[in-house]
Amino acid sequence: MISWNRRSVLQGIGAVLASTALLDGAQAQSVPKRKIGYAVVGLGGYATGQIMPQFKNCEHARLVALVSGTPEKLERYGAEYGIPKTHRYSYAEYDRIRDNPDIDVVYVVLPNAMHAEYAIRASQAGKHVMCEKPMATTAAEAEAMIAAAKKAGRKLMIGYRCHFEQHNRRAIELVKTGFVGRPTLITAEHGFFAQGGQWRLDKRMSGGGSLMDIGIYSLNAARYLSGEEPVELVATEWTDRSDPRFKNVEDRIDFQLKFPSGLIANCVSSYSSNHNGFRASGTKGWVGLEPATSYEGHKMWTNHEGKTEQVTLPVPRKNQFVGQLDHLCESILTGIPLRASGEEGLRDMRLIEAIYRSARERRAVSVA
Ligand code: NAD
């Protein structure tokens with residue numbers, strides 16, 4: 001195993017990465033000191049387990065309000081995070097966020113089918129929006145969300161936390177700077193065993209099965225690793241419809257993306273097997289992560305001209321959650337462009353629709 005700091009073989013690439021890190025630091029230092037207030041909507045597993053505990057580590061973001069349909073949750077998390085009663089809202093009271101000047105951003109962490117409605121109402125209330133992935137259940141909803149934010153003159157960002165995760169960032173840079181040579185193949189695999197009895201398995205709430213939930217990581221990674229947009233795709237679905245979990249959503253759907261450069265991405269999406277990894281290969285080597293898009297514990301390997309090494313990166317100043325929360329604030333405060341905008345989410349939604357179409361019609365689909 002090697003540590004990134006002593007990678008003399010990669011001096012050129014190291015210099016590029018170091019300069020990127022310095023630039024990030026310089027940008028952060030010039031951000032005004034005011035903290036941006038977030039309201040979190042939907043106090044479920046992801047919001048309470050991953051997002052809310054991170055505000056204390058943020059430089060520019062703070063948690064100021066909560067929205068939930070469960071009074072006990074408002075009471076419990078309100079007390080835990082010091083949110084006064086005046087800043088706790090039921091869904092019926094949601095539009096009153098308009099009158100609360102402490103709320104700058106609304107973070108939508110609801111089931112997928114509720115994203116569009118709650119994001120649009122937040123924009124109409126004059127608030128910036130952070131919305132969880134998948135951005136919506138259809139491309140049409142995603143377009144309406146973008147239009148609403150634009151009309152309000154507010155930001156719309158999608159919770160693509162991996163765009164702020166250092167191993168993913170490093171993998172992107174390694175592909176971009178030629179470490180793997182000319183990229184030829186990406187493999188990206190994401191899946192887990194879905195437990196029954198949850199909204200994810202109800203198409204009206206989720207918009208679809210494994211692809212909407214976990215396969216989107218394979219899709220998004222193929223796009224950010226390649227730095228290209230696909231021009232054609234073909235997909236295959238396999239679902240046991242006698243399994244009560246899969247009455248109306250898909251289990252497995254694998255898809256292949258073809259990029260203009262000739263690069264191909266083979267992607268796995270599954271609700272009946274565990275996967276979390278990707279590898280970008282080229283004419284001179286490859287870079288691979290496993291786990292690649294987990295909350296923590298990322299592991300990275302590189303192969304360059306025949307030599308394979310495990311790479312350890314130093315602990316970052318901000319983890320992916322903090323990086324994501326702070327980034328929207330920096331964009332609001334300084335005007336820097338969003339790294340994971342609504343348009344980025346819309347591109348995935350359009351491709352997801354094309355993947356479903358390809359599997360349904362059993363043919364390759366042009367997405368150029
Ligand atoms: P969850 O089931 O744990 O939480 C959903 C919340 O929505 C609950 O508090 C629930 O009470 C509330 N809710 C309101 N109306 C509801 C309704 N009609 N039906 C069901 N729930 C309702 O789900 P989660 O895992 O927190 O996922 C929420 C969103 O976050 C999803 O869009 C999911 O894709 C996304 N997510 C993202 C990540 C990530 O790593 N970026 C991880 C997990 C979840």
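Me: Which ligand atom does the backbone of Gly44 lie 3.1 Å from?
Reply: An oxygen atom: a backbone N or O atom of Gly44 lies 3.1 Å from it. This is a predicted model.

Me: And what about the backbone of Tyr46, how far is that from a ligand oxygen?
Reply: A backbone N or O atom of Tyr46 lies 2.9 Å from an oxygen atom of the ligand.

Me: What does the side chain of Lys73 do there?
Reply: An N or O atom in the Lys73 side chain is 3.0 Å from an oxygen atom of the ligand.

Me: How much of the ligand does the protein bury?
Reply: The protein buries 77% of the 840 Å² that the ligand exposes when taken alone.

Me: Which pocket is that?
Reply: The second largest pocket holds the ligand. Two elements give two or more residues each to the shell around the ligand: helix H2 (45–51) and helix H8 (210–226).

Me: How many residues surround the ligand, and which are the closest?
Reply: There are 23 residues around the ligand, and the closest are Gly45, Asn112, Arg161, Trp199 and Arg200.

Me: What classes make up that shell?
Reply: Twelve residues of the shell are nonpolar, five are polar and six are charged.

Me: Why does the ligand lie between domain 1 and domain 2?
Reply: Because both domains give residues to the shell around the ligand. Domain 1 covers 6–21 + 163–315 + 341–366, and domain 2 covers 32–161.

Me: Last one: is phi of Glu305 positive or negative?
Reply: Positive, about 45°, although Glu305 is not a glycine. Most residues other than glycine have a negative phi. Glu305 lies in the loop between E14 and strand E15 (307–312).

Definitions and conventions:
Residues numbered from 1 in each chain as written. Predicted model: local features only at pLDDT ≥ 70, side-chain atom pairs only at ≥ 80, totals over all residues. Heavy atoms only, no water. Near = heavy atom within 4 Å. Polar contact = N/O pair within 3.5 Å; in protein donor to acceptor, adjacent residues only side chain to side chain. Areas by Shrake-Rupley, 256 points an atom, 1.4 Å probe, with all protein chains shown as cover. 1 Å grid on protein atoms, 1.4 Å probe; cavity = no way out; pocket = protein on both sides within 12 Å on 5 of 7 lines; lining within 4 Å. Sits in = over half its atoms within 2 Å of the grid points. Helix = DSSP H or I, 4+ residues; strand = E, 2+ residues; numbered from the N terminus. Nonpolar A, V, L, I, M, F, W, Y, C, P; charged D, E, K, R; others polar. Domains from an automatic or database assignment.
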